[in-house]
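Please keep the sequence and the model in view while reading.

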Amino acid sequence: MWNKRKEEEYPPKPAASQPPSASTNKDSYPAMSTSPASSYHAPERGMAVIGKSVMIKGQIISREDLTIDGEVEGSIELVEHRLTVGPHGRVQAGIKAREAVILGTVHGNVDTADKLEIRKDAKLVGDIKTARVVIEDGAYFKGSIDIIKVEAPKVAPAPPPPPKPQPPPSAPPEPAAVHSGRSESKR
C-alpha cells in the first residue's frame, strides 16, 4: 500500500481521450464546410499583404515578404525580404529592401541590396541604389541609378596541406662483404 508504483496510482489515459498532438496527420481532423465563407485562402505563410482598400501613413518594418496593393506614405524597410508593389499600389516612401518588384506607382528613393524590377506600366520617380536593375519596356522611371558592386565574401586562404609523412630513417648501409681471394669451386 505504501509502495505503490506510479502506474498503479495514475493509470495512463486511453489514446482516444488525449488531444491530437502537433505531429498528428492533417487528414485526421474533420473536414471543413464548403460554405462561401470557408473558401477564403490565406496568403502564403511568411508573406504580408496590404490590400487595395488600405491606406497606411507611417513607418513599416517587416521581417517577411510584403505585397502592397493599397496606399502607403512614410518609409518601408524589409532589409532581408522582398517588397512587391502591386498594380494598384501607390507608395510615397523611401524603400529599403533586399529585393523589390514594382508594378504600380512609387514616389521615393529605392535602396535594394540585390535586385530591383520595374515592370511594364509601373512608375518610379526617385533615385535607385541597387546591385541589379531591370526596367521593362513601357515602364516610367525618372531619377538616378547607382549600381553597387556586390563583393563576394572573402574566403580565408586554404591552410597549407600537412607535411607528407617521412619514412623512418633507415639504418646506415652496411659495408660490402670482404671476400678473400680464394674461391672454392667443385669440378
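Strand S1 (residues 47-50) and strand S3 (residues 65-68) run parallel and are joined by four bridges; strands count as paired if DSSP finds at least two bridges between them. Isoleucine 50 has isoleucine 68 in S3 as its bridge partner. S3 also runs parallel to strand S4 (residues 71-85), with three bridges between them, and here leucine 66 stands opposite leucine 83 in S4.

This is a predicted model, in which local features need pLDDT of at least 70 and side-chain atom pairs count only at pLDDT 80 or more, while totals for chains, interfaces and linings use all residues. Residues are numbered from 1 along each chain as its sequence is written, and side-chain values use heavy atoms, with hydrogens and water left out.

The chain holds one helix and twelve strands, these being DSSP runs (helices H or I, at least four residues; strands E, at least two) numbered from the N terminus. Of its 187 residues, 21% are buried (under 20% relative accessible area, 1.4 Å probe, protein chains only). Among contacts (heavy atoms within 4.5 Å) with a separation of 6 or more, 2% link residues 24 or more positions apart.

Glutamate 117 lies in strand S7 (residues 110-118). Glutamate 117 counts as buried because its relative accessibility is 11%. Leaving aside residues up to four places away in sequence, glutamate 117 touches Ala100, Val101, Ile102 and Val134. Its side chain also makes a polar contact with the side chain of arginine 119, at 2.7 Å; such a contact is a pair of N or O atoms within 3.5 Å, where within protein one must be able to donate a hydrogen and the other to accept it, and residues adjacent in sequence count only if both atoms are side-chain atoms.

Technical notes. Buried means under 20% relative accessible area, exposed over 50%, partly exposed in between (1.4 Å probe, protein chains only).
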